[in-house]
Amino acid sequence: MSIPVLAADRTHDAPSVAAIPTRKFRRRPLSGAWRWLSPVALLLVWQVASGTGILPEDKLASPAKVLAAGLDLATSGQLGDAFAVSLRRVLIGVAVGAVIALALGITAGLSRWGAVLVDPPVQMLRTLPFLGLIPLFIIWFGIGEEPKIALVALGFAFPLYLNVYAGIRDTDPQLLEATAVLGFTRWERLAHVVLPAALPQALVGLRQGLGVAWLSLIVGEQINADAGLGYLINNARDFLRTDQVVVGLVVYAGLGLLTDALVRALERKALRWRNTR
Amino acid sequence: MSIPVLAADRTHDAPSVAAIPTRKFRRRPLSGAWRWLSPVALLLVWQVASGTGILPEDKLASPAKVLAAGLDLATSGQLGDAFAVSLRRVLIGVAVGAVIALALGITAGLSRWGAVLVDPPVQMLRTLPFLGLIPLFIIWFGIGEEPKIALVALGFAFPLYLNVYAGIRDTDPQLLEATAVLGFTRWERLAHVVLPAALPQALVGLRQGLGVAWLSLIVGEQINADAGLGYLINNARDFLRTDQVVVGLVVYAGLGLLTDALVRALERKALRWRNTR
Amino acid sequence: ASGQVVLRVGDQKGGSQALLQAAGLLDGTPYKIEWSTFTSGPPLLEAANAGAIDIGGVGNTPPIFSAAANAKITIVQAGQHTGPGDAILVPSDSTIQDPKQLKGKTIAVAQGSSAHAQLLSVLNKFGIALSDVKIDYLQPSDAYAAFTQHRVDAWSIWDPYTSQALLQAHARSIVNGSSGTANGYSFQVAATKALGDSAKVSAIKDYLARLAKAQKWSGTHKDEWAASWSKVTGLDPAVAKASVNDGATLPIPLDDKVIASEQQLADSFTAAKVIPTKLTFADFVDKQYESTGS
Amino acid sequence: MAQHTVTVRGLVRQFGPRRVLDDLDLVVRQGEFVALLGRSGSGKSTLLRVLAGIDRDADGEIAVNGTVSVAFQQPRLLPWRRVWRNVSLGLHGVDGREVAEKALSEVQLTDHAQAWPLTLSGGEAQRVSLARALVREPDLLLLDEPFGALDALTRLAMHRLVDDLWQRHRPSVLLVTHDIDEALVLADRVLVLHEGRIVAEHTPPAGRPRRHADLTELRARVLADLGVATDEAA
Amino acid sequence: MAQHTVTVRGLVRQFGPRRVLDDLDLVVRQGEFVALLGRSGSGKSTLLRVLAGIDRDADGEIAVNGTVSVAFQQPRLLPWRRVWRNVSLGLHGVDGREVAEKALSEVQLTDHAQAWPLTLSGGEAQRVSLARALVREPDLLLLDEPFGALDALTRLAMHRLVDDLWQRHRPSVLLVTHDIDEALVLADRVLVLHEGRIVAEHTPPAGRPRRHADLTELRARVLADLGVATDEAA
Ligand SMILES: Nc1ncnc2c1ncn2[C@@H]1O[C@H](COP(=O)(O)OP(=O)(O)OP(=O)(O)O)[C@@H](O)[C@H]1O
Ligand SMILES: Nc1ncnc2c1ncn2[C@@H]1O[C@H](COP(=O)(O)OP(=O)(O)OP(=O)(O)O)[C@@H](O)[C@H]1O
Ligand SMILES: [Mg+2]
Ligand SMILES: [Mg+2]
C-alpha cells in the first residue's frame with residue numbers, strides 16, 4: 001500500500017474562534033467517595049438541630065444519644081448477636097427466594113405459556129400483606145425458623161421476579177434472532193443473550209429485594225423470636241426505648257448503603273462492556 | 001424506470017424437502033383471557049382440597065367459607081367502606097409519592113451531582129422499616145390521615161424511584177448524542193429521549209409501587225384507624241377471624257391482579273412502537 | 001414415646017421464663033422446656049390455637065377474643081395483680097381531673113387489650129356512652145408517642161407503660177385498677193391438643209406449680225425481680241422498679257368469681273360491638289390442672 | 001439430480017395491507033453463488049429473514065436444506081461478549097478461541113479480538129459479523145449487504161475472503177448487495193427483486209477471477225434493470 | 001476574508017494507548033463541500049464526533065462556527081417517535097409536520113411518514129436520518145456514510161438532493177464516504193485520512209454536474225492513495 005503523504009493545509013488564515021458549545025451527555029460518574037457527602041451532611045444537620053434544640057429530644061433522640069445507645073447494644077453483644085442471627089435468616093431466605101424468582105422469572109420470560117400461567121398468580125401473591133400471611137405461615141410452617149425464612153424468601157423473590165421477567169421481555173429481539181440463526185438452543189440463548197440483557201434490570205431487582213429481605217425480618221421476627229435485628233427493633237419499640245429504635249433504624253440505613261455499595265460493585269463488574277464508550 | 005419482467009425459474013426439479021426447523025423467539029403474547037386460567041385453577045384446587053378434606057378447615061378456610069365471610073363483610077357495608085377509605089389514602093399517597101420519586105429519580109438520573117447527592121440518602125432511607133418509623137411519624141404527623149398517607153407515599157416512591165433512576169441511566173447514549181447534536185436542551189432531551197427510554201422500567205416500578213402502596217396501609221392503618229382494608233385485616237387477625245383474614249388476602253390478591261391489568265394496559269398503549277416488529 | 005417430654009411454652013419478653021429464672025425454679029424439670037417468645041398475647045394464642053405451643057401466659061383480655069373465635073385453647077390457671085398499674089392517664093397539665101370529664105375527649109387504647117376492657121368498664125361506671133368519646137386505637141409504643149405529643153387527651157394503659165409515662169412523660173393517673181375497674185387477672189392458657197397427651201399433662205401440671213411458686217417469690221423479692229426484669233427487657237430500671245412495686249402478680253384459684261368477672265368483660269365487649277357474638281367463657285376453662293403454688 | 005439448497009414457491013409476506021413479497025419463486029442450487037439486487041425497501045432483507053427461518057409469518061412453500069448462517073444487515077453483535085467471543089459464538093466448539101482469532105485475522109481485525117463491540121467502528125463491526133457467519137462453514141450462507149460499510153481496499157480483501165471460502169467449501173450463497181460490480185464479480189447468477197418478485201436474472205461469464213473491464217456491458221444491463229440510465233452512472 | 005466553518009489544529013484523540021487521531025489539522029471553508037475518505041477504522045467517525053461536539057475528550061485546537069447537523073453512520077432514530085416526528089425533531093418548529101413530510105417525500109419515503117422506525121428497512125432508516133439532518137439547514141453538515149445502504153438509483157437521487165440543497169443554502173459539508181465516485185462527483189475537495197492525519201488532498205474539476213467519465217484519472221489517483229491498485233478495481 002502506498003500512501004503519498006501530502007503536506008496538509010497547515011496555514012490557517014482565520015483565528016480560532018467560537019469554541020464548540022459545551023454539551024454533556026456521556027455521564028462519567030463522579031468518584032464514589034463523593035457519595036458519602038450527603039449521608040454525612042444529613043448526620044451533621046441532625047446533630048446541629050439536636051444540639052441547638054431545634055429538634056427537641058422528644059421528637060428525635062440526638063445522634064450522641066443514639067450513638068451511646070448503639071455502643072451500649074454493641075458492647076453488650078446484643079447488636080452483634082442480633083445481626084448474626086438475622087444475617088443467617090437473610091442469607092438462607094435470599095438463596096431460596098433467588099432460586100424461586102429466577103426460575104419463575106425465566107419461565108415467564110421465555111415462554112408464552114409460562115407468562116400466561118406463571119405471571120398472574122405471582123402478580124396476585126405479591127400484593128399479599130405479610131402481616132395477614134403470618135397466621136397462615138404459623139399454621140403451615142410452625143413457629144421455628146421456617147416462617148421467618150419463608151417471609152424473607154417471599155419478600156426477596158417478588159422484586160427480583162418482576163425485574164427479571166421485565167428484563168427478559170425487553171431483550172432486543174434482533175439479538176435473539178441472530179443467535180437463533182446460529183443454532184442456539186433455548187438454553188444457550190438464555191445464557192448468552194437473555195440473561196446478560198436482563199442483567200441491568202435484574203440488578204435493580206436485587207437491590208430492591210435485598211432491602212425488602214431485611215425488612216421482612218421486622219415482621220418475621222415478631223413470631224417467636226428472641227434474637228435478630230427485627231426482634232431488637234420490635235422489642236425496643238415495645239419497651240419504649242426510642243433511642244434503641246433509632247439505633248435499629250440507623251443499622252437498617254447502614255444496611256441500605258451496604259447493599260447499594262455491593263450492587264454497585266456488581267454492576268461495575270458485570271456491566272463493564274457498557275462503560276467503554 | 002424500466003424493469004424487464006423476466007420469467008423467474010419456476011420449474012423445480014427437486015421436490016420440496018425438509019421444512020425449516022421451527023424456531024420461535026418473537027414472543028407474540030397469548031390472548032389476555034388465558035391469564036385467568038391459573039388464578040381460576042388455583043381457586044378450583046383450593047376448593048377441591050378443602051372439599052375433600054386434604055386441606056382441613058383449620059389450616060385454611062375453604063373458598064365457600066371465605067366467600068360467605070366476604071359476602072357478610074360486603075353486605076354489612078364494611079368491605080365497601082373499608083375499600084373507599086383505603087382507596088382515598090392510596091390515591092393521595094401515590095400522587096405525593098409519584099411527584100417525589102419522579103423528581104428525585106430524574107435529578108439523580110440526569111445530573112452527575114444529582115446522582116451523588118440524591119441517591120445515597122434514598123438508598124439509606126428505602127431500607128428503613130415502617131414499623132420503626134411509625135412512632136416518629138406520629139410525632140411528626142400526628143395520628144390523623146397524614147401518617148397513613150405519608151407511609152403510602154413512602155412505600156410507593158422507593159420502587160418507582162429506583163426504576164426510574166435505573167431506566168434513565170440505561171438510556172442509549174447514542175440517542176442522547178443524536179438529539180444533543182440537534183440542539184436539544186436538557187429538558188427537551190428528557191421529554192423526547194430519556195423518559196420514553198426509561199418508560200418500560202418505570203412501569204415496572206409503578207407496578208411494584210402500587211403493590212407496596214396498598215401494603216403500606218396494613219402498617220399505616222394500625223395507627224388510630226377504624227376503617228380501611230388494612231384495619232379490617234388487622235382487626236380480623238386480633239380476633240382470630242382467619243376467615244376474614246383470608247377475605248382480606250383475597251381482596252389484596254384481587255388488587256394485585258387489577259394493578260397488573262392496569263399497568264399492562266398502560267404498557268400496551270405506551271410501548272406500541274415496540275410491538276410493530 | 002422415646003426420650004424426654006418436651007414442653008413448648010409460649011412467653012412474652014420479661015414474662016414466665018425471666019420470672020422462673022430469677023426465682024431459680026427452672027432447674028431440674030423432668031421434661032425439657034422449649035421457649036417461644038411472642039410480642040403480645042394475641043399472637044401467642046394464635047400459636048396455641050395452631051398447636052405450635054403447648055402452653056403460655058397472657059393477660060385478661062386476649063383469651064376472650066380467642067374464645068370468641070372458638071379457638072382450640074383451654075384456660076388452666078389464673079393469676080391476679082392488684083394496685084395502680086392498670087390506669088387511665090392524662091398529661092399533667094390536662095384539665096381533666098375526674099373520669100367523668102372524659103366525655104367528649106379523645107382516648108388512646110390498644111384494641112383488645114386489658115386496658116381496652118378497663119376503659120369500657122370505666123366508661124360504664126361513670127355513665128359515659130361509647131358515642132360520647134372518641135377512641136383512638138393505638139399500640140402502646142404508638143400511643144406513647146401520641147400521648148407525649150398531646151395528640152390524645154387520655155390513655156388507657158397497663159404497666160410498665162403506666163410507670164414509664166408517670167415517671168418520664170409527666171402523666172397523671174385519673175383512675176386505676178385499684179378502684180375495681182380492672183380485674184387484674186392473667187391466665188395460663190394451654191393448647192387443647194396438648195391436654196390430650198398424658199405425658200404433656202403431667203409436665204404442664206409441674207410447670208404450673210413452678211410458675212405459681214415463682215409468682216409468689218416475686219411478691220416477696222420485689223427488688224431482685226425488678227432488677228432482673230429490667231435487665232432482660234431493657235426497661236429503664238426506675239420504671240421497672242416502680243412497675244413491680246405497683247403490685248406483683250400472684251396465683252389465685254380459677255374459681256367462679258374469676259369466670260364471672262371475665263364473662264362480664266366479654267359481655268361488655270359484645271355490647272360495644274367489638275366482638276360480634278356472645279360467648280360463654282366457662283366453656284374454655286378447665287380447673288383440673290391448676291396449682292396455687294403452695 | 002442434487003437437492004436444491006433453497007426452494008421457494010409462491011412466497012407471500014404481508015405487513016398490514018402491503019405485500020412486500022408477492023408470489024415469489026426462488027431456487028438456489030447446491031454450491032451456487034447467487035447475488036440479489038433490488039431497490040431499498042424492495043424486500044431483500046425480508047426474504048433473507050424468511051429463508052433463515054426467523055420470520056415465521058410468511059405464506060408459501062419454503063424448503064431450505066442444511067445449516068444456515070446469516071450476516072445481518074446490522075451487525076447484531078452481543079455487546080456483552082468480547083469481539084473474539086462473538087465470533088466463536090458461531091462455532092459451538094471447544095477450540096473456539098483459536099478459530100475465532102484466525103477468522104478475525106482474515107477480516108483484518110487481529111488487534112480487536114479483545115475489544116468490546118461498542119468500541120468498534122461501523123466497518124469493523126460489520127467485519128466481525130461477517131467473521132461470525134463465515135466460521136460456521138454452513139450449507140447456506142445468507143449475506144445481507146456485508147461489505148456496505150467498507151472502504152475500497154478492505155472490500156476487495158473481503159471479496160477475496162468470501163470467494164476463497166466459497167471455492168473451498170462450496171456452500172450455497174445468497175448475497176444481497178447494492179454494488180453491481182461486486183455482484184457481477186462474485187456471483188454465478190444475479191437476480192433482481194422488484195415489487196415482490198424476482199424480475200430479472202443475469203449470468204456473468206463463468207471464469208474466475210473476473211475482471212471489471214470484462215463486465216461493462218452486463219453491468220449496463222443490470223443497471224438498466226434497476227432503473228439507472230447508464231450514462232448517468234457510468 | 002470569510003471565517004472558516006471548521007478550524008482544527010493539532011487534534012489528538014486517544015483510546016487507551018492508541019492515538020486514532022494524531023496531530024490532525026483540518027480547515028473547512030464557509031460553503032465548501034469536502035469529502036473525507038479513509039480505511040475502515042481510520043478515525044473518520046471519530047473526527048466527525050469531535051467536530052459535532054459530542055466527543056469532549058479530544059485534545060487540540062478545535063473551532064466550529066455556526067449550527068451543526070449530523071447524519072450518523074447508524075441512523076439513530078428515536079424508536080418511540082413515528083418517522084415524520086423523527087424528522088421534525090430537527091426543526092424545533094411549529095409547522096414541523098409539513099416540513100417533515102416534504103423532506104420525507106424528497107427522500108422518497110412519503111408512504112412511511114406514519115411508520116414506526118423499527119419497521120423500516122436499512123436503507124429507509126438511513127434516508128430518514130438524512131432527512132432529519134437536512135431539514136435543519138445548518139451551517140455545517142456532517143454526513144457519515146449517508147448513502148451506504150442505498151441502491152444505485154436511490155443513491156443517485158440522494159446525491160442530487162444533497163447537491164441541490166448545497167447549491168441553494170451553501171452550508172459547509174463534510175461527507176464521509178467509501179464511494180470514490182460519489183466523493184469526486186459531489187465534493188470541492190477530497191481528503192484522505194490515514195494513521196490519524198489528513199495525508200492526501202485532491203481537487204476535482206470545478207464544473208457541475210460532473211460526469212463520471214471525466215473523472216477516471218483522478219479516480220485512479222485517489223484509489224492509489226487508498227492503497228488499491230487500479231487494475232484490480234477499475
Ligand atoms: N415489521 C414490519 N412492519 C411493517 N413494514 C415492514 C416491517 N418490516 C419491513 N417492513 C417494510 O417492508 C419493506 C421491505 O423491507 P426490507 O427490510 O426487506 O427491505 P430491503 O430490501 O432489505 O431494503 P434495504 O436495501 O433498504 O435494506 C420495507 O418497505 C419496510 O418498510
Ligand atoms: N470508545 C472507543 N474505545 C476504544 N476504541 C475506539 C472507541 N471508539 C472508536 N475506537 C476505535 O477507533 C478507531 C476509529 O474508529 P472510527 O469509528 O472513527 O472509524 P471509522 O474511520 O469511522 O471507520 P468505519 O469506516 O469502519 O466506520 C477504530 O479502530 C475503533 O475501534
Ligand atoms: Mg435490507
Ligand atoms: Mg465510521
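## A histidine between two chains

A polar contact of 3.0 Å joins the side chains of H178(E) and E145(E). A polar contact here is a pair of N or O atoms within 3.5 Å; within protein, one must be able to donate a hydrogen and the other to accept it, and residues adjacent in sequence count only if both atoms are side-chain atoms. The side chain of H178(E) also reaches out to chain D, where the backbone oxygen of A149(D) lies at 3.1 Å. This is a predicted model, in which local features need pLDDT of at least 70, side-chain atom pairs count only at pLDDT 80 or more, and totals for chains, interfaces and linings use all residues. Side-chain values use heavy atoms, without hydrogens or water, residues are numbered from 1 along each chain as its sequence is written, and chains are lettered from A and ligands numbered from 1 in the order in which they are written.

Where does H178(E) sit? H178(E) is in the loop between β7 (172-176) and α6 (180-186) of chain E. Helices (H or I, at least four residues) and strands (E, at least two) are DSSP runs, numbered from the N terminus. H178(E) counts as buried, at 13% relative accessibility. Buried means under 20% relative accessible area, exposed over 50%, and partly exposed in between (1.4 Å probe, protein chains only). Leaving out residues up to four places away in sequence, H178(E) touches A149(D), L150(D) and D151(D) in chain D, and G38(E), S40(E), K44(E) and E145(E) in chain E. Contact means heavy atoms within 4.5 Å.

## The magnesium site in chain D

Which residues coordinate the magnesium ion (ligand 3)? They are S45(D), through OG, and Q73(D), through OE1, at 1.9 to 2.1 Å. This pair links distant parts of the chain, 28 residues apart. S45(D) is in helix α1 (residues 44-52), and Q73(D) is in the loop between β5 (68-71) and α2 (83-88). Donors are N, O and S atoms within 2.8 Å of the metal (3.2 Å for Na, K and Ca); water is not among the atoms, so sites may look incomplete.

Are the two residues buried or exposed? Q73(D) is buried, with a relative accessible area of 17%. S45(D) counts as partly exposed, at 21% relative accessibility.

## Chain A and its partner

Chain A has ten helices and zero strands. Of its 277 residues, 57% are buried. Take the contacts in chain A between residues at least 6 apart in sequence: 71% of them join residues at least 24 apart.

Chain A superposes on chain B by a rotation of 180 degrees with 0.0 Å of shift along its axis (RMSD 0.2 Å). That is the relation of a two-fold axis. The same surface serves both copies, as 100% of the contact residues of chain A recur in chain B. Copies are superposed by least squares on the C-alpha atoms of residues with pLDDT of at least 70 in both. Which residue of chain A comes closest to the rotation axis? It is Q201(A), with its C-alpha at 3.9 Å.

## The interface of A and B

Eight pairs of chains are in contact, and chains A and B share the most contacts. In this pair, 75 residues of chain A are in contact with 76 residues of chain B. The two chains bury about 7500 Å² between them, 63% of it on carbon and sulfur atoms. Buried area is the accessible area (1.4 Å probe) that two parts lose on being put together, summed over both.

How many salt bridges cross this interface? The rule finds six. A salt bridge is a side-chain nitrogen of Lys or Arg within 4 Å of a carboxyl oxygen of Asp or Glu. D119(A) forms a salt bridge with R35(B), with the closest N and O atoms 2.6 Å apart. Chains A and B also have 13 residue pairs in polar contact, both residues at pLDDT 80 or more.

Other chains stay apart. Chain C and chain D have no contact, and their closest C-alpha atoms lie 50 Å apart. Chain C and chain E do not touch either, with nearest C-alpha atoms 50 Å apart.

## Backbone exceptions

Most residues other than glycine have a negative phi, and most peptide bonds are trans. E145(D) is not a glycine, yet has a positive phi of about 45 degrees. E145(D) lies in the loop between β6 (140-144) and α5 (152-169) of chain D. At 8% relative accessibility, E145(D) counts as buried.

Q108(E) also has a positive phi, near 60 degrees. Q108(E) is in the loop between α3 (96-106) and α4 (122-135) of chain E, and counts as partly exposed at 39% relative accessibility. In chain C, a cis peptide bond joins D159(C) and P160(C), with omega about 5 degrees. P160(C) lies in the loop between β8 (154-157) and α6 (161-168).
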